[in-house]
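Subject: Structure handover

Hi,

Here is the structure I promised to pass on.

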Amino acid sequence: MTCNHDAEFSRGNTSILTKRVVLGWYDGPTSGVGQCSGCGTSLMFEMLACDEGQDERVFSLATLHRESLDQLVTTLAPLGSPTWPEWTPKWEFVAGDIQEVVEGTVQGILSQAASPEWVVLTERIGFDDGIGRRVKEVALPLQVDHKTEPSATFEIWSRFIRSAGA
Ligand SMILES: [Zn+2]
């Protein structure tokens with residue numbers, strides 16, 4: 001089955017991710033895994049940068065395995081039942097050893113992601129309000145530097161994304 005998620009992400013539409021598990025949160029999702037409603041592919045999203053007010057955010061999108069979102073939901077079962085379209089499990093465990101196992105399994109799932117293929121500038125991941133661009137062939141550093149304030153690199157990213165097609 002062909003899916004047009006490449007075109008949708010390239011123009012900044014992430015609303016086709018109708019199932020999203022949020023793993024990081026700061027006034028809104030900052031990282032997690034979503035599933036394309038068209039083809040069922042799972043994709044990892046991660047915030048790379050944001051403006052000072054945290055209103056505009058730049059996310060990378062990287063392809064995972066088709067079953068990754070389901071694996072994640074199964075792994076996170078000790079934290080409760082998922083809610084859709086978006087589930088933000090509360091990171092509270094009854095025992096430390098369970099937490100260790102769960103976090104190790106989550107890392108294992110996320111480590112299978114391909115290199116980020118799109119960057120999207122959006123107010124809220126999962127909504128159709130963004131601008132996007134493919135990045136696969138572009139030599140820009142995509143690593144998230146957690147020591148750098150996300151706002152420090154926002155201008156670089158937003159200029160790059162806005163220049164799409166220029
Ligand atoms: Zn798709």
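In which loop does P85 lie? P85 is in the loop between helix 2 (68–75) and strand 5 (86–87), where helices (H or I, at least four residues) and strands (E, at least two) are DSSP runs, numbered from the N terminus.

Two bits of housekeeping. Residue numbers start from 1 along each chain, as its sequence is written. Bear in mind that this is a predicted model: local features need pLDDT of at least 70, side-chain atom pairs count only at pLDDT 80 or more, and totals for chains, interfaces and linings use all residues.

Now the overall picture. The protein has four helices and seven strands, and from the N terminus on they come in the order α-β-β-β-β-α-β-α-β-β-α. Of its 166 residues, 34% are buried; that label takes 20 or more other C-beta atoms within 10 Å of a residue's own, while exposed takes 12 or fewer and partly exposed is in between, with C-beta atoms placed from the backbone. Among contacts with a separation of 6 or more, 62% are between residues 24 or more positions apart, a contact being two C-beta atoms, placed from the backbone, within 7 Å.

Strand 3 pairs with strand 2 in the antiparallel sense over five bridges, and pairing here needs at least two DSSP bridges between the strands. In that pairing Q35 sits opposite S42. The hairpin of strand 2 and strand 3 has five residues between the strands, and G40 in this hairpin has a positive phi near 85 degrees.

Strand 3 is also joined to strand 4, again antiparallel, by seven bridges, with E46 opposite S60. Six residues separate strand 3 and strand 4 in their hairpin.

Q54 is partly exposed, with 15 other C-beta atoms within 10 Å. D27 also has a positive phi, near 55 degrees, and is not a glycine either. D27 is in the loop between strand 1 (17–25) and strand 2 (29–36), and is exposed, with 10 other C-beta atoms within 10 Å.

Cheers
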